[in-house]
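Morning, everyone. I have one structure to walk through, and I'll keep it short. Please look at the screen.

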Amino acid sequence: MANSTLTKQRSTAFRSTVALKSAMAVTGLVLVLFLIAHMYGNLMIFGGQEVFDNYSHHLRELGEPMLPYAGTLWIIRIVLLASVLIHAYSAFVLWARAKRATSVGGQRYHSSKNRTGVQRSYASFTMRWGGIVVLLFVIFHILHLTTNNIAPGGPSSSPYERVVHGFQIWWVVLVYVIAMAAVGFHLRHGIWSATQTLGQNKASRQRTINLVATAIAVVLTLGFLVPPFSVLFGLVG
């Protein structure tokens, strides 16, 4: 009986709003660190085909001989997948709870300042729909530049050539622009929300946190968009 009660208490604690917000903050940080590293790797395209292809190849050799070929990459992928699933699950549960809490008879609360209801606020729209756009983009991105299943401009065994072939096409660049705009808005609010969850968003730090969140979002967004536009306008190719 004692073990059953303890297990139930632990389960309840893990499903609490505080636990879910903390999970979102931690997994969000993991994903931001990955984005920074990924952006750095993308910018290596300016070194030319040999540099970029060697970089892609060496990623698969990380950890050898302690790990098998591409072993480190698979560890990273598993951690990222787990982070995305936990992040998305936590976001959905918190959204569902907020919707129930701000509804009466299935209708949202309304106010003169927010006639469309609190669930249609800037933050809600950015985090919910922006997250869906980012998720769909990640699937497209993997099929395009990782697995080579989608090959606009032509397939290639060279990572450099896959990037160049794809970004020479305007609609592919447009897809990336839309996706990275969603990532930027998601990051901007997500970083602010995470600092609040972790107890760092005090009144005296509001301005600094807003500036840092905006700076990170802008740098990452522009950093990811530089290679596509450089290819599109013939600066890389």
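Let me start with a question: in H6, which residues are buried? Pro159, Tyr160, Arg162, Val163, Val164, Gly166 and Phe167 are. Buried means under 20% relative accessible area, exposed means over 50%, and partly exposed lies in between, with a 1.4 Å probe and protein chains only. Seven of the nine residues of H6 are buried, so this helix is largely enclosed by the rest of the structure.

Some ground rules. This is a predicted model, where local features need pLDDT of at least 70 and side-chain atom pairs count only at pLDDT 80 or more, while totals for chains, interfaces and linings use all residues. Residues are numbered from 1 along each chain as its sequence is written, and side-chain values use heavy atoms, leaving out hydrogens and water.

Now the overall layout. The protein chain has eight helices and two strands. Those are DSSP runs numbered from the N terminus: helices are H or I with at least four residues, strands are E with at least two. The order along the sequence is α-α-α-α-β-β-α-α-α-α. Of the 237 residues, 33% are buried.

Back to H6, residues 159-167, and its partner H3, residues 49-61. They pack at about 115 degrees, with axes 7 Å apart. Axes here are lines fitted to C-alpha atoms, for helices over the stretch in contact, and angles run from 0 to 180 degrees between N-to-C directions. From H3, the residues are Gln49, Phe52, Asp53 and Ser56; from H6, Pro159, Tyr160, Glu161 and Val163. Contact means heavy atoms within 4.5 Å. That set splits into four nonpolar, two polar and two charged. Nonpolar covers Ala, Val, Leu, Ile, Met, Phe, Trp, Tyr, Cys and Pro; charged covers Asp, Glu, Lys and Arg; the others, Gly among them, are polar.

Next, the core. The largest nonpolar core has 25 residues, and Phe167, Tyr176 and Leu187 have the most contacts inside it. Such a core is a set of buried Ala, Val, Leu, Ile, Met, Phe, Trp, Tyr and Cys residues joined through side-chain atoms within 4.5 Å. H2, H5, H6, H7 and H8 each supply at least two residues. H7 gives the largest share, seven. What does Phe167 touch? Leaving aside residues up to four places away in sequence, Phe167 touches Leu145, Val172, Val173, Tyr176, Pro228, Val231 and Leu232.

On to H8, residues 206-232. This helix has 27 residues and spans 39 Å from first C-alpha to last, close to the expected 39 Å. The expected span is 1.5 Å times one less than the number of residues. H8 bends by about 30 degrees at Val226, and Pro227 follows within four residues. The bend is the angle between axes fitted to the seven residues ending there and the seven starting there. Just after H8, Gly234 has a positive phi of about 80 degrees.

Most residues other than glycine have a negative phi, and most peptide bonds are trans. The Glu64 to Pro65 bond is cis, with omega near 0 degrees. Pro65 sits in the loop between H3 and H4. Ala70 is in the loop between H3 and H4 too, with a positive phi near 70 degrees. Ala70 counts as buried at 10% relative accessibility. Asn148, between H5 and H6, also has phi near 70 degrees. At 23%, Asn148 counts as partly exposed.
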